[in-house]
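I opened my notebook to look up the pockets of this structure. Here is what I went through.

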Amino acid sequence: MAQLKLEKRGHTALITMSNPPANTWTRETLTQLRNAVKSLDEDKNIYALVITGEGDKFFSAGADLKLFADGDKAVASDMARIFGEAFETLSSFSGVSIAAINGYAMGGGLEVALACDIRIAEQQAQMALPEAKVGLLPCAGGTQNLAWLVGEGWAKRMILCGERLSAEKALQIGLVEEVVATGMALEAALAMADKAAEQSPSSVTACKKLIQQGRSGSIQSALPLERELFVGLFDTKDQVEGVQAFLEKRKANWVNG
């Protein structure tokens with residue numbers, strides 16, 4: 001039985017973590033995620049990606065700690081590398097990525113949500129990065145992405161003090177963008193993905209690159225790039241189609257190029 005399920009619904013790809021009972025990550029599923037996102041990037045018909053967990057209790061509990069029980073540094077190095085490759089590939093996905101957090105999101109299970117553009121959590125969901133409680137640390141972007149989203153203070157509360165957050169607290173501090181009723185995260189995420197599909201894919205890719213530019217560069221370098229990418233859109237068919245559709249009062253037919 002596949003532990004990572006991929007299906008396509010129109011312009012949206014749905015990835016479901018399916019490794020009961022807690023949808024933990026393995027080397028195989030992380031490799032599958034990396035490869036799946038790469039293939040979706042090459043699919044010009046896919047504009048958005050939704051990731052969720054199977055079942056009604058866990059989004060994902062992260063890595064299976066049994067992998068690290070014997071203290072093998074070679075295993076640790078290999079897992080850290082593939083975690084990084086998978087989640088960094090997800091972060092750089094050209095379309096819109098949305099995490100539908102349907103339950104507990106712990107450790108690497110929260111880190112995969114942090115690698116997405118948008119997070120929608122169900123009201124009963126809980127989130128934590130508890131790695132330091134077992135002598136480890138979040139090695140798949142957690143220390144960086146969490147601090148970027150919620151600020152250094154809350155990142156330190158969660159990582160250094162092991163604080164677990166409810167969905168409502170996560171919404172309050174900006175860790176998630178929306179909280180929905182139990183069982184409704186996937187539906188809400190797919191609806192948001194449909195909204196994203198109404199945008200020009202070419203524009204979305206350029207805008208996402210610019211928004212994330214602020215993490216590694218300065219506003220002085222980003223502003224000229226913003227203008228450069230704006231002009232670059234005039235080389236795309238989507239730019240012509242978008243303006244013509246607006247002027248003709250019809251829905252645009254994107255070609256993602």
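**Pocket notes**

I began with the lining of the largest pocket: its residues divide into 16 nonpolar, 4 polar and 5 charged. I counted Ala, Val, Leu, Ile, Met, Phe, Trp, Tyr, Cys and Pro as nonpolar, Asp, Glu, Lys and Arg as charged, and the others, Gly among them, as polar.

I noted the ground rules. This is a predicted model, where local features need pLDDT of at least 70 and side-chain atom pairs pLDDT 80 or more, while totals for chains, interfaces and linings use all residues. Residues are numbered from 1 along each chain as its sequence is written, and side-chain values use heavy atoms, without hydrogens and water.

I looked up the space next. The largest pocket holds about 540 Å³. A pocket here is an open set of points on a 1 Å grid over the protein atoms alone, where a 1.4 Å probe fits, with protein on both sides within 12 Å along at least five of seven lines; lining residues have an atom within 4 Å of a point. Its volume is the space filled by probe spheres set on the points, which are joined across faces, edges and corners.

Which element gives the largest share of this lining? I found α2, with 5 residues. Both α2 (73-91) and α3 (108-114) supply at least two. Helices are DSSP runs (H or I, at least four residues) and strands are too (E, at least two), numbered from the N terminus.

I turned to the second largest pocket, of about 420 Å³. I listed 19 lining residues, with D117, I118, K208, I211 and Q212 nearest its centre. In this lining, α8 has the largest share, 6 residues.
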